[in-house]
Amino acid sequence: MGRLDVPPERAVFVGDSPTDMTAARAAGVVALGAVWGWHPPAALRAAGADHLLPEPASIGPSLLHHLPLIDSA
């Protein structure tokens with residue numbers, strides 16, 4: 001984000017593990033949990049996922065859903 005001069009409140013992180021969600025939260029970005037990975041949805045939610053993505057095709061719609069939150073910064 002620093003190299004691209006993007007503030008955390010204008011970024012999202014898509015990950016499939018609890019450590020990914022922890023990293024996203026630590027960076028101050030929206031954490032999107034990919035539930036098609038190795039970890040169950042409950043583990044991603046418990047680790048701080050803001051939203052769960054049921055399949056890869058849902059990345060686009062989820063980003064659109066979070067766009068007002070990102071753009072409000």
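Q: Which residues make up the largest nonpolar core?

A: First, two notes on reading this predicted model: local features need pLDDT of at least 70, side-chain atom pairs count only at pLDDT 80 or more, and totals for chains, interfaces and linings use all residues. Residues are numbered from 1 along each chain as its sequence is written, and side-chain values use heavy atoms, leaving out hydrogens and water.

In soluble globular proteins, nonpolar side chains tend to be buried together. A nonpolar core is a set of buried Ala, Val, Leu, Ile, Met, Phe, Trp, Tyr and Cys residues joined through side-chain atoms within 4.5 Å. Buried means under 20% relative accessible area, exposed over 50%, and partly exposed in between (1.4 Å probe, protein chains only). Here the largest such core has 9 residues in all: Ala11, Met21, Ala24, Val29, Ala31, Leu44, Ala47, Ala49 and Leu52.

Q: Which residues of helix H1 are buried?

A: Helices (H or I, at least four residues) and strands (E, at least two) are DSSP runs, numbered from the N terminus. An α-helix has 3.6 residues a turn, so residues three or four places apart point the same way. In H1, residues 18–27, the buried ones are Asp20, Met21 and Ala24. They lie on the same side of H1 because they cover an arc of only 100° around the axis, taking the directions from the helix axis to the C-beta atoms. Thr19 and Ala26 are exposed, on the face turned away from that buried side.

Q: What do the buried residues of H1 pack against?

A: Look for contacts, meaning heavy atoms within 4.5 Å. The buried residues of H1 pack against strand E1 (12–15), strand E2 (30–34) and helix H2 (41–46). Beyond its neighbours within four places in sequence, Met21 touches residues including Gly15, Ala31 and Leu44.

Q: What is the order of the strands in the sheet?

A: Two strands pair if DSSP finds at least two bridges between them. This open sheet of 3 strands runs E1-E2-E3 with parallel pairing. E1 and strand E3 (51–53) are the edge strands, each pairing on one side only.

Q: How many bridges join E1 to E2?

A: There are 4 bridges between these parallel strands. Val12 stands opposite Val30 in E2, and Gly33 in E2 is the bridge partner of Gly15.
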